[in-house]
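Subject: Handover of a structure

Dear colleague,

Please find below the structure that I am handing over to you.

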Amino acid sequence: MTNLTMTNPSCSNCDRLSTQLAEKNREIQALISRIEDLARHDPFTGVLTQRGLDEVLVTELQRAHRIGHPFCYAAIDLDNFSEVNDKHGHPVGDTVLKKIADTATKALRVLDRFGRIGGDQFGIVMPSTWPDQGMIAMDRLTKAISKFDWESVAPGLTLTFSAGITTNAPTDTLESITQRAENALRQAQRKGRNRIVLNEAP
């Protein structure tokens, strides 16, 4: 007597649909991850966006609260950037922003995070960094920017930046540490630009 195994077509269809559904879910998750990555990185310069920079800052604040290790945050503004656009045109201005991002990324440590807050404003998170070390890093960045061959971008072009730098305090929030760095930046601009001002928490 021969035993016949019967295949249920509906079960076969269920398996195929389940496989297709799982594949679609993977595609959706990959797309969501891609969208989130785009939200964290500036497509124009390739560095972090303000959202990405804020996330890094929050992570560092949490880590500092846990283990008490210091870090620095710097707010940067290019000096007289509007004049660059007015004199040389917006394409040159766009190139300047890309060159700034590239130069800063190369001048800073691998663990430092550089981001574009908006327009010609940038920010740097420097983990495991004391204020004097942060000032040394900013001085290194100043020299890297000043030594860059801006003439290759546009004849007669020179570029400097002003910056405010601060270190974390035990009671800091995202808002308080960024505001303190912004206040230091405004001081640097009031003092004549092309300088770095350190503003430590009380």
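In strand β3, F122 is the bridge partner of R116. Strands here are DSSP runs of type E with at least two residues, and helices are runs of H or I with at least four, numbered from the N terminus. The model is a predicted one, in which local features need pLDDT of at least 70 and side-chain atom pairs count only at pLDDT 80 or more, while totals for chains, interfaces and linings use all residues. Residues are numbered from 1 along each chain as its sequence is written, and side-chain values use heavy atoms, leaving out hydrogens and water.

The sheet

β3 (residues 121-126) runs antiparallel to β2, and five bridges join them; two strands pair if DSSP finds at least two bridges between them. The open sheet has five strands in the order β2-β3-β1-β4-β5, with mixed pairing. β2 (113-118) and β5 (196-198) are the edge strands, each with a single partner, so one side of each has no neighbour in the sheet. From one strand to the next, the twist averages 20°. Helix α6 (residues 174-190) packs on the sheet and touches β1 (72-78), β3, β4 (161-167) and β5, its direction making about 145° with that of β4. Contact means heavy atoms within 4.5 Å; angles run from 0 to 180 degrees between N-to-C directions, and axes are lines fitted to C-alpha atoms, for helices over the stretch in contact.

A helix pair

Helices α3 (residues 81-88) and α4 (residues 90-107) pack with their axes 7 Å apart, at an angle of about 140°. F81, V84, N85 and H88 of α3 meet H90, V92, G93, V96 and L97 of α4.

The cavity

The structure holds one cavity of 30 Å³ or more, and the largest cavity has a volume of about 40 Å³. On a 1 Å grid over the protein atoms alone, a cavity is a set of points where a 1.4 Å probe fits but cannot get out, and lining residues have an atom within 4 Å of a point. Grid points are joined across faces, edges and corners, and a volume is the space filled by probe spheres set on the points. I76, L78, I100, A104, F114, F122, L141, I145 and F161 line the largest cavity. β1, α4 and α5 (131-147) each give two or more residues to this lining.

Methods:
1 Å grid on protein atoms, 1.4 Å probe; cavity = no way out; pocket = protein on both sides within 12 Å on 5 of 7 lines; lining within 4 Å.
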